Amino acid sequence: MAYHSVIVGCGSYLPARVVENQELAAKVDTSDEWIIERTGIRRRHIAAEGETTCDLAYAAASAALQNAGVKPEAIDLIVLATATPDHTFPATATQVQARLGLTHGAAFDVHAVCSGFIYALAVADNFLKAGQAKTALVIGAETFSRILDWKDRSTCVLFGDGAGAVLLERQDGAPDVRSQGVISTHLHSDGRYKDHLFVDGGPSSTQSTGYLRMAGKEVFKHAVTNLAGVVNEALSANNISAAEVDWVVPHQANQRILDATARKLQLDPGRVISTVANHANTSAASVPLALATAVGDGRIQRGQLLILEAMGGGFTWGAGLVRW
Ligand code: ACO
């Protein structure tokens, strides 16, 4: 029996506290103008003291379940993408599982930094296609504020905290570009570029959490090339043109990356969902947050063709073609 997966609901959560650019300009040598011109970011949400990735993930998961009208008991797989777990172990996914009151099925984290949600979606989609699960909760959740060096102006202005989630249901029949569901996913990684974007700590190297370090210009160049490449790969694998895509839902790193990628793909910028001004870069949470925002405000409608894409530390990058 062939199967495919359908996204039956989505949800998101943002911490209550909003930090405007001006507030950062009071702490490091930066300005609202510089941040907006170079990144498009105006504000970001920052988790409250004691509020963890698991809290954000659970709130987004609950919103997705409500949006889908599905009871938690139906879930038999939870895949959570994060680079900022509550603990080195156990996986944050298992803590979300416990909060949902579930003791059946499997729950685990995937770690692909900013591409994490695309990786988690691909993993869950493949579990469902293989017949190994029926209803999957896929979450991207991060508290990057906890791994930022708040004295480094070149990185601390770029990130925010948040979470987004989707609920996938298995349905009969192979994926088909004309039918609702996840049509295909495409993943890549290249570990040679670790030094361009990494955290300078970890349990096995320094026994500390460490801080995010980034060579921004290098990341920028690779991002545009890799993202345009993987979007084209998804389009040609399904024999469709960019003109047939209704919405691009990209990882929200920087407005200039969104614009440059759209230009390279000859895509109408009006069809690219952008939330970077209000959320900044929320790593694995950014794609499902952007998705939930555009579904919530009515831009994304059932039946439309979406391409989700992301690139992050590793480097890792990927895309998913979805008929909403
Ligand atoms: N405020 C004011 N000045 C700053 C700031 C700041 N916050 N940060 C850096 N500068 C200064 C630099 O020190 C430098 O000064 P100098 O010329 O005196 O040395 C100057 O601004 C230019 O710095 P650049 O790094 O060359 O600036 P650039 O135009 O490349 O913009 C940025 C930096 C925004 C980080 C850009 O490279 C970028 O967006 N890169 C992509 C990185 C990214 O988004 N990563 C996210 C994770 S990966 C991903 O999600 C895809």
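Author: Helices (H or I, at least four residues) and strands (E, at least two) are DSSP runs, numbered from the N terminus. With those names, Phe 315 is placed in the loop between S12 and S13. Please keep in mind throughout that this is a predicted model.

Reader: What are the mean pLDDT of the protein chain and the share of its residues that reach 70 or more?

Author: The mean pLDDT is 97, on a scale of confidence from 0 to 100, and 100% of the residues reach 70 or more. Confidence is lowest in helix H8 (residues 255-264), where the mean is 94, and highest in strand S4 (residues 77-81), where it is 99.

Reader: What makes the peptide bond from Gly 314 to Phe 315 worth a remark?

Author: The peptide bond from Gly 314 to Phe 315 is cis, with omega near -5 degrees. Most peptide bonds are trans. The peptide bond from Phe 89 to Pro 90 is also cis, with omega near 5 degrees, and Pro 90 is found in the loop between S4 and H4.

Reader: Why is Val 6 counted as buried?

Author: Its relative accessibility is 1%, and the cut-off for buried is under 20%, so Val 6 counts as buried. Val 6 belongs to strand S1 (residues 3-13), and, leaving aside its neighbours within four places in sequence, its contacts include Leu 167, Leu 168 and Glu 169, together with Gln 180 and Gly 181.

Reader: Why is strand S5 (106-110) said to stand at an edge?

Author: S5 belongs to an open sheet of 5 strands in the order S1-S7-S6-S4-S5, with mixed pairing. Both S1 and S5 have a single partner strand, so one side of each is left without a neighbour in the sheet, and on that ground they are placed at the edges. From one strand to the next, the twist averages 20 degrees.

Reader: How do you know that strand S6 (residues 135-143) and strand S7 (residues 161-172) are paired?

Author: Pairing requires at least two bridges, and 9 bridges join S6 to S7, so the pair meets the requirement; the two strands run antiparallel. As one of the individual bridges, Glu 142 has Gly 162 as its partner in S7. Helix H4 (residues 92-99) lies across S4, S5 and S6, and its direction runs at about 140 degrees to S5.

Reader: What makes strand S8 (181-189) and strand S11 (247-250) edge strands?

Author: They belong to an open sheet of 4 strands in the order S8-S13-S12-S11, again with mixed pairing, and S8 and S11 each pair on one side only, as an edge strand does. Neighbouring strands of this sheet are turned by 15 degrees against each other on average, direction ignored. S8 pairs with strand S13 (residues 316-323) in the antiparallel sense over 8 bridges, and His 188 has Trp 317 as its bridge partner in S13. Helix H7 (residues 216-237) packs on the sheet and touches S8, strand S12 (305-312) and S13, with its direction at about 145 degrees to that of S12.

Reader: How much area do domain 1 and domain 2 bury between them?

Author: The protein chain is divided into domain 1 (3-172) and domain 2 (181-323), and their C-alpha centres lie 14 Å apart. The contact takes 53 residues from domain 1 and 48 residues from domain 2. Between them the domains bury about 3800 Å², with 66% of that area on carbon and sulfur atoms.

Conventions:
Residues numbered from 1 in each chain as written. Predicted model: local features only at pLDDT ≥ 70, side-chain atom pairs only at ≥ 80, totals over all residues. Heavy atoms only, no water. pLDDT = per-residue confidence, 0-100. Buried < 20%, exposed > 50% of the residue type's maximum accessible area, 1.4 Å probe, protein only. Contact = heavy atoms within 4.5 Å. Axes fitted to C-alpha atoms, helices over the stretch in contact; angles between N-to-C directions. Domains from an automatic or database assignment. Buried area = accessible area lost by both parts, 1.4 Å probe.
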